[in-house]
Amino acid sequence: MSSVLRPAISEPTSPTSLSDTTDADESALAKYRPISNHLAIAPPVSVVIPAMNEAENLPYVFKTLPGWIHEVVLVDGNSTDDTVAVARELWPDVKVVPQRGKGKGDALITGFAACTGDIIVMVDADGSADGHEIVSYVSALVSGADFAKGSRFANGGGTDDMTLIRKLGNWALCTTVNRKFGARYTDLCYGYNAFWRHCLDKIDLDCTGFEVETLMNIRVVKAGLKVQEIPSHEYLRIHGASNLRAVRDGLRVLRVILKERNNRRALRSRSHATMLTARRGESS
């Protein structure tokens with residue numbers, strides 16, 4: 001698996017050049033996916049889109065997805081509209097996975113399990129994320145990062161869909177995570193992220209709700225993974241109403257932070273106790 005961006009191989013410009021194409025060239029052409037006329041990427045990229053009754057928004061989401069991605073995995077949360085039909089019309093090769101449980105966390109975990117790409121990108125189905133930004137996330141990963149985290153507050157990012165109380169809440173929660181876990185995040189509660197598939201083995205997601213994004217951000221730090229923030233712009237939801245509730249969801253995120261902090265302390269205590277026992281055994 002390649003971990004670097006490479007120049008794209010130029011297409012033959014004449015019948016003569018086509019006949020001169022070597023087996024090695026053909027193999028390379030099959031391996032690398034063109035991003036532009038001068039750039040191509042080897043690792044296959046999977047895009048996971050959790051969706052429930054988002055038929056009106058999907059056209060805006062899919063039209064920004066780059067054609068070079070390996071696959072689109074749509075996790076359908078038992079939609080009662082034409083979400084699945086619209087997705088298949090827009091992206092004929094879309095992989096539709098029915099969600100058995102409930103909640104965004106459950107949908108993402110379901111989608112991750114269905115992915116076959118080396119890189120996984122999380123994209124919301126409400127039209128708030130710009131698929132054109134995926135190249136920035138992937139570039140960060142192939143340049144050495146394990147986890148590319150979108151940030152609306154990093155230099156170059158922005159948001160059209162955040163009230164003052166949500167901004168203050170996000171800042172307070174983000175500051176808490178930075179202090180408690182040694183992170184350096186500028187944004188915490190944002191769902192536009194990308195990561196190498198192998199990261200899933202180290203963060204062991206077990207959260208079914210909206211707070212799954214915070215859990216991921218905490219556990220990648222606890223696992224010692226290399227994180228790079230990517231400036232991202234969040235747009236307004238195009239159709240429908242958001243299920244987010246500032247106070248309710250803020251409290252759920254806070255509970256996750258406290259739980260992870262307690263788990264970290266318990267792990268340290270067990271490690272310290274094990275070390276003391278080992279030392280006593282050596283001295284006896």
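How many cavities of 30 Å³ or more does a search of the whole structure find? The search finds one. The model is a predicted one, in which local features need pLDDT of at least 70 and side-chain atom pairs count only at pLDDT 80 or more, while totals for chains, interfaces and linings use all residues. Residues are numbered from 1 along each chain as its sequence is written, and side-chain values use heavy atoms, with hydrogens and water left out.

A cavity here is a set of points, on a 1 Å grid over the protein atoms alone, where a 1.4 Å probe fits but cannot get out; lining residues have an atom within 4 Å of a point. The volume of the largest cavity, about 30 Å³, is the space filled by probe spheres set on the points. Its lining consists of Pro50, Lys104, Leu108, Met122, Val123, Asp124, Gly191 and Glu213. Of these residues, four are nonpolar, one is polar and three are charged (Ala, Val, Leu, Ile, Met, Phe, Trp, Tyr, Cys and Pro count as nonpolar, Asp, Glu, Lys and Arg as charged, and the others, Gly among them, as polar).

Turning to the aromatic rings, those of Phe, Tyr and Trp (its six-membered ring) pair if their centres lie within 6.5 Å, and planes under 30 degrees apart count as stacked, over 60 as edge-to-face and the rest as tilted. By this rule there are five aromatic pairs. Phe147 and Phe195 make a stacked pair, with 5.9 Å from centre to centre and 10° between the planes. Because Phe147 belongs to strand E7 (residues 147-151) and Phe195 to strand E9 (residues 193-196), this pair ties together parts that are 48 residues apart in sequence. Helices (H or I, at least four residues) and strands (E, at least two) are DSSP runs, numbered from the N terminus. Phe147 is buried, at a relative accessible area of 0%, and Phe195 is buried with a value of 0%; buried means under 20% relative accessible area, exposed over 50%, and partly exposed in between (1.4 Å probe, protein chains only). An edge-to-face pair is formed by Tyr190 and Tyr192, 6.5 Å centre to centre with 65° between the planes, and both tyrosines are buried. Ring pairs also link Phe112, Phe147 and Phe195 into a cluster.

Charged side chains come next. Side chains of opposite charge can pair when their charged atoms come close. With a salt bridge taken as a side-chain nitrogen of Lys or Arg within 4 Å of a carboxyl oxygen of Asp or Glu, the whole structure holds ten. In one of them, Lys95 meets Glu71, with the closest N and O atoms 3.4 Å apart. Lys95 lies in strand E5 (residues 95-98) and Glu71 in strand E4 (residues 71-76), so the bridge ties together parts 24 residues apart in sequence. Lys95 is partly exposed, at 29% relative accessible area, whereas Glu71 is buried at 10%.

Asp187 and Arg152 form another salt bridge, their closest N and O atoms being 2.8 Å apart. Asp187 sits in the loop between helix H7 (164-181) and E9, and Arg152 in the loop between E7 and strand E8 (158-159), so parts 35 residues apart in sequence are tied together. Asp187 is buried, with a relative accessible area of 0%, and Arg152 counts as buried at 3%. A further bridge joins Arg219 to Asp206 (3.2 Å, N to O). Through shared partners, salt bridges connect Asp206, Arg219, Lys222 and Glu260 in one network.

Definitions and conventions: On a 1 Å grid over the protein atoms alone, a cavity is a set of points where a 1.4 Å probe fits but cannot get out, and a pocket is an open set with protein on both sides within 12 Å along at least five of seven lines; lining residues have an atom within 4 Å of a point.
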